[in-house]
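Subject: Structure handover and findings

Hello,

Here is the structure we talked about handing over. My notes on it follow below the display; please read them with the sequence open.

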Amino acid sequence: MGQTFAEQILSRAAGRTVSAGEMVVVDVDLVMMHDSLSPSIIETLHTELGAERVWDRDRVAVVIDHVAPAATVRQAEQQQQVRRWVAAQNITHLFDVGRGISHPVLIEEGLVQPGMLVVGSDSHSTGYGAVTAFGSGMGTTDIALALATGQTWLRVPETVRVQAQGRFQPGVSSKDLGLWATRTLRADGATYASVEWHGVPFMHWTDRMTLATLSIEVGAKAGMVAPAGLTHSVPEWLRVEDEAVYSRSIECDLSTLEPQVSVPHTVDNVFDLGDIGRIAVDVVYLGTCTNGHHADMVAAANILRGRRLAKGMRMIVVPASSESLAQAAADGTLNILLQAGATIGTPGCGACIGRHMGVLAPDEVCLFTGNRNFRGRMGSPRANIYLASPEVAAATAVTGYITHPGELAASS
Amino acid sequence: MPRIWVFGTDVNTDQIVPGRYAPYMLSADDDVRRYAFVEARPEFAGAVQPGDILVAGPNFGCGSSREYAPLALKRSQVGAIIAPLFARIFFRNALNLGIPCFTADLREQLADGDEVSFDVASGTIGRADGQALHLPAPAAWMREVWNEGGIVPFYRRHGRFPSTGA
Ligand code: SF4
């Protein structure tokens, strides 16, 4: 019988052949922790678990990305404590303020490779599936246990297969496929399961991260894009096996896919852009681990080139990483965004969780390239958040209402 | 007597505790317990009593990995959470903290404000009209974790992860 990616990776991590439904205790390859949860993880590790040191100082990555740079004295103090702890534990990998969001950064740094098992203190740790790693988000206690032991417990998940066919129309991109999948599977459609994305060998790993991070929005434990087309070296044992058993399969014809928009206040409340009517927008926010990469800024710049933001519009761009920012600076993308009237924030999570750098006021409408539009996520619980692609974000920034990118191309 | 609190479908971690009230965002002497359902159900934090039971629709706890969502419920001494489907990360966080979660849909049998009796060991809820509701039994290893008060006390005592039968 063939194995899914989840079964292949967890079999390797467990040291024996395992299949969906089994409970396993597994060795992890890497533990990621970020500023938001690190203080409580550190406390749990030492005070509650009584462990003095992390199990392997080379296999822990600490990232200051959630509120970076700190917005309050208390956050600054806590980040200071995290840095001191990293020094005291002699941990090799600390990515401090400005380096960017943990998920892309750990891939850029080469710390996450195809076939690895990674646990992170963040639900979008599914993002490591961009390079076909099994990434799973966990809470404080699980991460503290993994730090102490190098192990975790898992139920080997069933797998939901998303098969794409064909190529996107202009103005349509991986975000639209991801939102289409949440629309089709619904918010709980892959709970306890792993999602495999097939049929997108043409995608760069950052576009794959869009799909992998959205996997948690259908409840998944991990979300992995098939390795075909990756420039990373893929271990020989990690491959698509014909006989693998999937609990469910869905298919998407990319050539007929329209831009998708997720309407407040749930991620799976998705419509074709053409069906939502005219929605006026106050602020366009381009960023996050889902769509704040260099390619996303380029996609937006291609639409914004030679244009200006609509009257009264704000556009906030927060690059996902310093590498993305540097690329955008080098190739002129940044200049196009600035000339259009956008503002650029420090690489990191920005306002994605409503703590700083562009939180929303009551009754404001935001067109967001991120992954969650829950009530209150980006600030006021009375704000409305619509999720869409970088292309839709840029077109919307120009017109002031949620706009199909094709509409602008046609009129220019 | 435990009181029943009924919640809807897809209750997410931002509804349980909005990110703005993360312990990280609070002053050191504040307690995240005070912000349980602060916007979704503002009367909850003030009125919840130890042992009270949450009865919800599918996909309870979806959203982020923030453990302070179940932590706020643990500090409120919630006796159990019952839903037909739990979001994965919430489920493991709650288990790790020792909060009994039962997978069942009791929204037809129980109403908000009902007073019931509850025996966690047998998984039995007694309604005021005398009817007993039996919850599905959890895996033995989960009950072991509940009995120890969470995975940390379990680990400290046994020096290993619970035996999952493998
Ligand atoms: S950008 Fe948003 S979704 Fe991604 S890791 Fe940061 S807070 Fe989480």
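This is a predicted model: local features need pLDDT of at least 70, side-chain atom pairs count only at pLDDT 80 or more; totals for chains, interfaces and linings use all residues.

In chain B, β5(B) and strand β6 (residues 124-126) run antiparallel and are joined by three bridges.

Chain A has an open sheet of four strands with parallel pairing, in the order β10-β9-β8-β11. Here the edge strands are β10 (222-225) and β11 (248-253) of chain A, which pair on one side only. The twist from one strand to the next averages 15 degrees. Within this sheet of chain A, strand β8 (residues 159-165) and strand β9 (residues 194-198) run parallel and are joined by five bridges. If you want a residue pair to look at, Arg161(A) stands opposite Glu196(A) in β9(A).

Next, the interface. How many residues does each chain bring to the contact? Chain A brings 52 residues and chain B brings 40 residues. The area buried between chain A and chain B is about 3,700 Å², and carbon and sulfur atoms give 58% of that area. An interface's size is often quoted in this way, as the accessible area lost when the parts come together.

The rule finds one salt bridge across the interface of chain A and chain B. Which side chains form the salt bridge? They are those of Asp142(A) and Arg92(B), at 2.8 Å from N to O. Polar contacts between chain A and chain B come to 14 residue pairs, counting pairs with both residues at pLDDT 80 or more.

On the side of chain A that touches chain B, at least two residues come from each of β1 (23-27), α2 (38-48), α3 (73-89), β6 (134-137), α5 (140-149) and β7 (151-155) of chain A. The element that gives the most to this side is α5(A), with five residues. Sorted by class, the side of chain A that touches chain B holds 18 nonpolar, 22 polar and twelve charged residues.

Last, some backbone details in chain A. Most peptide bonds are trans, and most residues other than glycine have a negative phi. The exceptions I would point you to are these:

- Ala68(A) and Pro69(A) are joined by a cis peptide bond, with omega about -5 degrees. Pro69(A) lies in the loop between β3 (60-63) and α3 of chain A.
- A cis peptide bond also runs from Pro264(A) to His265(A), where omega is near 5 degrees. His265(A) sits in the loop between β12 (260-262) and β13 (270-272) of chain A.
- Asn90(A), a residue other than glycine, has a positive phi, near 60 degrees. The loop that holds Asn90(A) runs between α3 and β4 (93-95) of chain A.

Regards

Technical notes. Residues are numbered from 1 along each chain as its sequence is written. Chains are lettered from A and ligands numbered from 1 in the order in which they are written. Side-chain values use heavy atoms; hydrogens and water are left out. Contact means heavy atoms within 4.5 Å. Buried area is the accessible area (1.4 Å probe) that two parts lose on being put together, summed over both. A salt bridge is a side-chain nitrogen of Lys or Arg within 4 Å of a carboxyl oxygen of Asp or Glu. A polar contact is a pair of N or O atoms within 3.5 Å; within protein, one must be able to donate a hydrogen and the other to accept it, and residues adjacent in sequence count only if both atoms are side-chain atoms. Ala, Val, Leu, Ile, Met, Phe, Trp, Tyr, Cys and Pro count as nonpolar, Asp, Glu, Lys and Arg as charged, and the others, Gly among them, as polar. Two strands pair if DSSP finds at least two bridges between them. Axes are lines fitted to C-alpha atoms, for helices over the stretch in contact, and angles run from 0 to 180 degrees between N-to-C directions.
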